Amino acid sequence: MNKYLHFHHLHNQPTLFKLLNAWDPLSAMLLEQAGCAAIGTTSWGMANARTQQDGESCSFECFITQTKQIVDSVNIGVSVDMESGFSDDIETICDNVLTIAKLGAVGINIEDSSKKTGQLRHINEQSLILGAMRQSLDNAGYKQFFVNARIDTALLAQHQFSNTQARADAYAKAGVDGIFIPGLTNPTQIETLCKQLPVPVNILALPTCYNSEALQNLGVKRLSFGNTFSDNCINLIQKQVSKTLKCSDHGDLFQYNSIVLPF
């Protein structure tokens, strides 16, 4: 089974697929060594690694350089968080996703909110983007490349579930392979979408939405962890540094020396 088919298979197995997210080559290698069958990238964590804010704050060329280092560092499949596509132009977005596919990634997440306007794209506009992207990938020989369409409605202050449903249905009809709704935590709404859609549903792990068994019973196929591990690493370093500067006993600094790296 090639890595593309394997990534699809992970979304159709009986158990919930937990997708952990890397932000640099070291984190990617550690996730692979820990047993991850595939990983995603986190745009938030990658931006932190550049000392920038999330939200396409670098050039696409810079983003690709950073992404290639992650993809090249592991043997497992990598799904790339390409934010909103680094453009609002359909042709440019299609070119950008082909660039990612050519790096060796197995898929992408793409948001339906524009970084330029800070607003949701119109449902018809995003559907056209997704349809053109799918056709461009298929024509270039990447028919198995996994397109995960992110819907940002649940992140808005006034969330209308009917809008989420309409977008999910339209994006599925545009040819995507999965639907990702970060921020959606209502069990009834999650189950409704899982039953409604012909493609796997992806939910973001949150303090109020992380029980694997419960989500699996609702029909969720993929649970993403986003910037969780990136943030935890930052918090750990900050706490450890603060503690080290305040005390004379540094023995506990060496409790993390069991990591095995291939160099």
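Which handedness does the crossing have where α4 passes α5? I looked this up before anything else, keeping in mind that the model is predicted. The crossing is right-handed.

**Entry: α4 against α5**

I checked the axes of helix α4 (residues 60–72) and α5, and they come within 10 Å and cross at roughly 25°. Angles under 35 degrees count as roughly parallel, so α4 and α5 are roughly parallel to each other. Then I listed who touches whom. From α4 the contact uses F60, F63, I64, T67, K68, V71 and D72, and from α5 it uses N96, T99, I100 and L103.

**Entry: α5 against α6**

Next I turned to the pairing of α5 with helix α6 (residues 123–139). Their axes lie 9 Å apart, and the packing angle is about 45°. That makes α5 oblique to α6. I noted a right-handed crossing for α5 and α6. On the α5 side I found I90, I93, C94, V97, L98 and A101 in the contact, and on the α6 side L128, I129, A132, M133, S136 and L137.

**Entry: strand β3**

I wanted to know how β3 sits in the fold. How many of the residues of strand β3 (residues 77–81) are buried? I got 5 of the 5, so β3 is largely enclosed by the rest of the structure. I remembered that side chains in a regular strand alternate between the two faces of the sheet. Here G77, S79 and D81 point one way, while V78 and V80 point the other way.

**Entry: neighbours of β3**

I looked at the pairing next. Strand β2 (residues 38–41) pairs with β3 in the parallel sense, over 3 bridges. One detail I jotted down is that A38 has G77 as its bridge partner in β3. Strand β4 (residues 107–111) also runs parallel to β3, joined to it by 3 bridges. Opposite V80 I found I108 of β4. To get from β3 to β4, the chain goes through helix α5 (residues 90–103), and this β-α-β crossover is right-handed.

E56 isn't a glycine, yet its phi is positive at about 55°. I found E56 in the loop between α3 (43–49) and α4. E56 is buried, with a relative accessible area of 18%. The other is F86, with a positive phi near 60°. F86 sits in the loop between β3 and α5. Is F86 buried or exposed? F86 is buried, with a relative accessible area of 14%.

Technical notes. Residues are numbered from 1 along each chain as its sequence is written. This is a predicted model: local features need pLDDT of at least 70, side-chain atom pairs count only at pLDDT 80 or more; totals for chains, interfaces and linings use all residues. Side-chain values use heavy atoms; hydrogens and water are left out. Buried means under 20% relative accessible area, exposed over 50%, partly exposed in between (1.4 Å probe, protein chains only). Helices (H or I, at least four residues) and strands (E, at least two) are DSSP runs, numbered from the N terminus. Two strands pair if DSSP finds at least two bridges between them. A crossover is right-handed if, with the strands pointing away from the viewer, the path from the first strand over the helix to the second runs clockwise. Axes are lines fitted to C-alpha atoms, for helices over the stretch in contact, and angles run from 0 to 180 degrees between N-to-C directions. Angles under 35 degrees count as roughly parallel, over 145 as roughly antiparallel, 65 to 115 as roughly perpendicular and the rest as oblique. A crossing is left-handed if the near helix is turned anticlockwise from the far one by less than a right angle, and right-handed if clockwise. Contact means heavy atoms within 4.5 Å.
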